[in-house]
Amino acid sequence: MRPNIVLLMKLNFLLGNLFSRNLRLSLFSMRGMIRGAIFDVDGTLMDSMWVWEEAFVRFARRYDVTPDLSAGSTIFTLSLREGMEYIKREYGLSQSVTTLVEEVAAIARELYFSGASLKPHVRDFLEALKAAGVPMTVLTSGEAGLITELFGKLGILDYFVHIYAATNEKISKREPTLWLRAAARMGTRLRDTWVFEDALYAVTIAKEQGFHTVAIADSHSDSLQADVREVADLYWTDFPREIPSELLR
C-alpha cells in the first residue's frame, strides 16, 4: 500500500508544531512569571552612583587618604560600613567605624537631596508592578535611614514592603542572606522573584541563588557591560513603562 503523502506531511507538520510548542513552554517555565521584585538603588532605580563617588572624594580629602575611587573599584562593591572598615584598617584612622559611616552618609545625604534623580520611567514601572499585585523590596549597600528619607521625598517609599540595607544589617550583598531574606519577606519563590541590579557582582550572586535577573545599564558600569549582559537574564537600557511580556510568561 502506497503511503498517503499528503497525510504524512500534515502529520509531520502537526508533530513539528507540537514539539515546538512544548519546547517553548519548557523554555518559558524556566523563566518564572514575576511575583516578587528586588531592587538595588544606586545605578538601578536612581542615577546616583556619582553621589557616592563624590562623597568618598570629599571624605578622602578630609582625612588625607587616597583609596582607589575609580569606577568599578573594590570600594564600590562594599557596603558603606564595609568600605569604612576597609579605610579605617588601611589608613589607621582613629575614629570609630560608626563615626566614619555617619560622616560619609551625611555627605551623601547632601548630594542626594541636591541633585540625584530617579532613572527614566522608574515610577511608571513601580506603579505597574503595584497594579499587578507584585510585592517589592529594596536591597542596597547603602544606609537604610538615608534611603527611607530619600524615597519618602521622592514619593516612592510606599511601593516597597521593606528596605534591606547591607550597612545596617551588617551583612554583605555578596552573601546570599539578604537576598533570601527579601524573598521570604515577600513570600515569593526564588524562581518567581526578579532582581533588578546594575552591578555585575550582585547580578552574579542573585543568579547563583536561583533568582531571575534584569541588569540595568548605568554609565558607571559601562566597562563591565559585556560581562553583565552574559550573566543576566535580561538587559535593559531603560525601565519600561509597563511590565514587559518577558516577565509575564
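Modeller: Two residues are in contact when they have heavy atoms within 4.5 Å of each other. The model is a predicted one.

Biologist: Which residues in α2 meet Leu80, Met84 and Ile87 in α3?

Modeller: Helix α2 spans residues 49-63 and helix α3 spans residues 80-91. On the α3 side, the contact is made by Leu80, Met84 and Ile87. Their partners in α2 are Trp52, Phe56 and Phe59.

Biologist: How many nonpolar, polar and charged residues does the contact of α2 with α3 have?

Modeller: Trp, Phe, Leu, Met and Ile are among the types that count as nonpolar. By class, the contact of α2 with α3 therefore has six nonpolar, no polar and no charged residues.

Biologist: Are α2 and α3 roughly parallel or roughly antiparallel?

Modeller: The two helices, α2 and α3, pack at an angle of about 30°, and their axes are 13 Å apart. Angles under 35 degrees count as roughly parallel. Therefore α2 and α3 are roughly parallel.

Biologist: How many charged residues does the contact of α4 with α6 have?

Modeller: Helix α4 (residues 97-115) and helix α6 (residues 144-154) pack at an angle of about 10°, with 11 Å between their axes, and are therefore roughly parallel. In α4 the contact residues are Ala105, Ala108, Arg109, Tyr112 and Phe113, which meet Leu146, Ile147, Glu149, Leu150 and Lys153 in α6. Arg, Glu and Lys count as charged. By class, the contact of α4 with α6 has seven nonpolar residues, no polar ones, and charged residues numbering three.

Biologist: Why do the buried residues of α8 line one face of the helix?

Modeller: Helix α8 covers residues 177-186, and its buried residues are Leu178, Trp179, Ala182, Ala183 and Met186. An α-helix has 3.6 residues a turn, so residues three or four places apart point the same way. Seen down the axis of α8, the buried residues line one face because they fall within an arc of 140°.

Biologist: What do the buried residues of α8 pack against?

Modeller: The helices packed against the buried residues of α8 include α7 (166-169) and α9 (200-209). The strands among their partners are β1 (36-39), β4 (136-140), β5 (162-165) and β6 (193-197).

How values were computed. Residues numbered from 1 in each chain as written. Predicted model: local features only at pLDDT ≥ 70, side-chain atom pairs only at ≥ 80, totals over all residues. Heavy atoms only, no water. Buried < 20%, exposed > 50% of the residue type's maximum accessible area, 1.4 Å probe, protein only. Helix = DSSP H or I, 4+ residues; strand = E, 2+ residues; numbered from the N terminus. Arc of directions from axis to C-beta. Axes fitted to C-alpha atoms, helices over the stretch in contact; angles between N-to-C directions. Parallel < 35°, antiparallel > 145°, perpendicular 65-115°, else oblique.
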